[in-house]
There are 2 protein chains.
Amino acid sequence: MSSAKPVLYSYFRSSCSWRVRIALLLKGLEFETRPINLLKGENRSDEYLAICPMGQVPTLVIDGHTMTQSVAIIEYLEEAYKERGTRLLPDLPVERAVVRELTEMISSGIQPLQNPSVCARVGADRKTEWGHYYIDRGFQALEKRLLETSGKYCFKNSISIADVCLVPQVYNAGRFNVDMTKYPTISRINQALLEQQAFIDARPDKQADCPDELRMQ
Amino acid sequence: MSSAKPVLYSYFRSSCSWRVRIALLLKGLEFETRPINLLKGENRSDEYLAICPMGQVPTLVIDGHTMTQSVAIIEYLEEAYKERGTRLLPDLPVERAVVRELTEMISSGIQPLQNPSVCARVGADRKTEWGHYYIDRGFQALEKRLLETSGKYCFKNSISIADVCLVPQVYNAGRFNVDMTKYPTISRINQALLEQQAFIDARPDKQADCPDELRMQ
């Protein structure tokens, strides 16, 4: 392990950046955030493309390696720092499969379909309905599955990768005016998570690059 | 481990079912396939919903557990049957992170955006252009990354989860008329994989539920 502090290239409102912030905080890893303003196209600057040729956030530079793709990064944090901070996966393979299933329902089944660039491509007239539809459809499935798997959190009573992905997705649901009263289990777990310090500190409105007018009360 | 043969609920052309078929074959696990015809809505039958309440394929019943979400299932197969057949992840956490990054570029970054139900929702007039766009965009990024990571396969010279996801995605690229001459590295790896017996046997045209007119020569 390198002794240099990990560097996270991040945008305050990117849900994939947010996932990695939560995971780093849950692991108790001190890190430096370098904001990349997606609205200003800073992810397409020569300087950033030299670090991340895909021009995406998040990028995490850790232990001498440059990593992208949020779930892959979080799996790395769990493997390389297993005994540090919060364990993000249970021990048993069948239980790990359940946590990864819940994670994938969000990370492949919902998030990619409602991200801003996809919604923009659908067209200005349809983008809100489009995002709303995919979050709603995904949450219907997730709510049903969480009734079987959840305790205080998505999987039983331990915080896991699934929870790390859940909170940013519920925030996005709010942006698309999804009626969360239809999803009492998701809402209950989200509330419990938002009381945890790592989840508080990772919120978009706690980030240096969040514009003042978007900070929560 | 239960001694019952695993049962895979699958549709011959579903790329996520295909991924799981490849992984089961690479692990040398004998399994029974039960075809679920998505075009006929068999995934919405009471009988199937009792097994998989989400009405999705693939579902794998293995070791007494019912699992969904293809990457989660493949991670399970690797963990529960690590020493059996082909290893699907390297040992080092930083190398595992690369394999998972490549996997996620396909499983979250491309596949969800070009699946038939999403393309249908975009509209009949735009669906081919839509699917083509997302595969092309994803392959541009993947081709660039594979130049750094690949050997004979996506990650060095060992078959991994990334390869399991690559082959069905290249097949879909063909359905959307993506010009694969732009992606020599992806094409080369795909060719090498298609010579492997597990990848041959997992092909859609080798499945019992493939209509005769769609079988390859």
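Helix H4(B) passes H6(B) in a left-handed crossing, a term used where the near helix is turned anticlockwise from the far one by less than a right angle. The model is predicted, so that local features need pLDDT of at least 70 and side-chain atom pairs pLDDT 80 or more, while totals for chains, interfaces and linings use all residues. Residues are numbered from 1 along each chain as written, chains are lettered from A and ligands numbered from 1 in the order written, and side-chain values use heavy atoms, without hydrogens or water.

H4(B) and H6(B), the latter spanning residues 127-149 of chain B, pack at an angle of about 165 degrees with their axes 11 Å apart (helices, H or I of at least four residues, and strands, E of at least two, are DSSP runs numbered from the N terminus; axes are fitted to C-alpha atoms over the stretch in contact, and angles run from 0 to 180 degrees between N-to-C directions). H4(B) is therefore roughly antiparallel to H6(B) (over 145 degrees; under 35 is roughly parallel, 65 to 115 roughly perpendicular, the rest oblique). On the H4(B) side, Val98(B), Glu101(B), Leu102(B), Met105(B) and Ile106(B) meet Ala141(B), Leu142(B), Arg145(B), Leu146(B) and Thr149(B) of H6(B), contact being heavy atoms within 4.5 Å. The residues of this contact divide into 7 nonpolar, 1 polar and 2 charged (Ala, Val, Leu, Ile, Met, Phe, Trp, Tyr, Cys and Pro are nonpolar, Asp, Glu, Lys and Arg charged, the others, with Gly, polar).

H4(B) has a further partner in helix H7(B), residues 161-175 of chain B, against which H4(B) packs at an angle of about 20 degrees with the axes 8 Å apart. That angle makes H4(B) roughly parallel to H7(B), and the crossing of H4(B) past H7(B) is left-handed. From H4(B) the contact draws on Val99(B), Leu102(B), Thr103(B) and Ile106(B), and from H7(B) on Ile161(B), Ala162(B), Cys165(B), Leu166(B) and Gln169(B).

In chain A, helix H6(A), residues 127-149, packs with helix H7(A), residues 161-175, at an angle of about 135 degrees, with their axes 11 Å apart. The two helices are therefore oblique to each other, and H6(A) passes H7(A) in a left-handed crossing. Ile135(A), Phe139(A) and Leu142(A) of H6(A) meet Leu166(A), Gln169(A), Val170(A), Asn172(A) and Ala173(A) of H7(A), a set that divides into 6 nonpolar and 2 polar residues and no charged ones.

The structure holds 1 cavity of 30 Å³ or more (points of a 1 Å grid over the protein atoms alone where a 1.4 Å probe fits but cannot get out; lining residues have an atom within 4 Å of a point). The volume of the largest cavity is about 220 Å³, taken as the space filled by probe spheres set on points joined across faces, edges and corners. Of the 16 residues that line this cavity, Val71(A), Glu75(A), Val71(B), Glu75(B) and Glu104(B) lie nearest its centre. Helices H3 (70-80) and H4 (93-107) of chain A, together with H3 (70-80) and H4 (93-107) of chain B, each supply at least two lining residues. The lining divides into 4 nonpolar, 6 polar and 6 charged residues.

The backbone has local features as well. A cis peptide bond, with omega of about 0 degrees, joins Val57(A) and Pro58(A), and Pro58(A) lies in the loop between helix H2 (46-51) and strand E3 (59-62) of chain A. In chain B, Val57(B) and Pro58(B) are joined by a cis peptide bond with omega of about 0 degrees, where Pro58(B) lies in the loop between H2 (46-51) and E3 (59-62) of that chain. Asp63(A), placed in the loop between E3 and strand E4 (65-68) of chain A, has a phi near 50 degrees, a positive value in a residue other than glycine. Most residues other than glycine have a negative phi, and most peptide bonds are trans.

How values were computed:
On a 1 Å grid over the protein atoms alone, a cavity is a set of points where a 1.4 Å probe fits but cannot get out, and a pocket is an open set with protein on both sides within 12 Å along at least five of seven lines; lining residues have an atom within 4 Å of a point.
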